[in-house]
Amino acid sequence: MTIVRRSERGVSESLQWAVITPALLLCVLGLVQTGAWLHGRQVLHAAAAAAAEAEAVLDATPGSGERAARQVAGTTIVRLEVRVTRRSGEVSVTVSGDVPMFFDVGQGRLTATAAAPVEETTR
């Protein structure tokens, strides 16, 4: 009986792709998730700055900072919390929220703070 030797090159190549493909997909997903997190962080900082500016305006209506923060955050940030603190001549706003992630590894909760001087009039 004659034994026929076959090339095993196709087996090793398919094994390489079976190992490399999940690693490549994991890298791509990690880049997308990092981009979503960075975008959420930027939106949260912009929401805090908008809220501080809205609260610092002369004769600002109550809740104007929270409305401004919610409008800027839109649907990018979920479970948004806005805390406004007024001190002598300054308003400070702390905005917290969750960035939606594919795989939450504990980095989805973000906080941003902004402060602005309260407008005054002189006569």
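R70 lies in helix α2 of this predicted model. With a relative accessibility of 39%, R70 counts as partly exposed, because that value falls between the 20% limit for buried and the 50% limit for exposed residues. R70 is 19 residues from A51 in sequence. In space, the two C-alpha atoms are 8.7 Å apart.

The protein chain holds two helices and three strands. Along the sequence they follow the pattern α-α-β-β-β. The radius of gyration is 26 Å, well over the 14 Å that the globule rule gives for 123 residues, so the protein chain is more spread out than a compact globule. The C-alpha trace spans about 110 × 20 × 20 Å along its principal axes. Of the 123 residues, 26% are buried. The accessible surface comes to about 9000 Å². Carbon and sulfur atoms account for 58% of that surface. Among contacts with a separation of 6 or more, 49% join residues 24 or more positions apart.

The three strands form an open sheet in the order β1-β2-β3, with antiparallel pairing. Strands β1 and β3 are the edges, and each pairs on one side only. Neighbouring strands are turned by 15 degrees against each other on average, direction ignored. Between β1 and β2, the antiparallel pairing runs over eight bridges.

In soluble globular proteins, nonpolar side chains tend to be buried together. Here, the largest nonpolar core has 20 residues. The members that touch the most other members are L44, I77, L80, V82, V93 and V95. At least two core residues come from each of α1 (9-56), α2 (64-73), β1 (78-87), β2 (90-98) and β3 (109-117). Helix α1 gives the most, with seven residues.

The surroundings of I77 were also listed. Residues up to four places away in sequence are again not counted.

Conventions. Residues are numbered from 1 along each chain as its sequence is written. This is a predicted model: local features need pLDDT of at least 70, side-chain atom pairs count only at pLDDT 80 or more; totals for chains, interfaces and linings use all residues. Side-chain values use heavy atoms; hydrogens and water are left out. A nonpolar core is a set of buried Ala, Val, Leu, Ile, Met, Phe, Trp, Tyr and Cys residues joined through side-chain atoms within 4.5 Å. Buried means under 20% relative accessible area, exposed over 50%, partly exposed in between (1.4 Å probe, protein chains only). Helices (H or I, at least four residues) and strands (E, at least two) are DSSP runs, numbered from the N terminus. Contact means heavy atoms within 4.5 Å. Two strands pair if DSSP finds at least two bridges between them. Axes are lines fitted to C-alpha atoms, for helices over the stretch in contact, and angles run from 0 to 180 degrees between N-to-C directions. The radius of gyration is taken over C-alpha atoms; the globule rule is 2.2 Å times the number of residues to the power 0.38. Accessible areas come from the Shrake-Rupley method with a 1.4 Å probe; for residues, only the protein chains shown count as cover.
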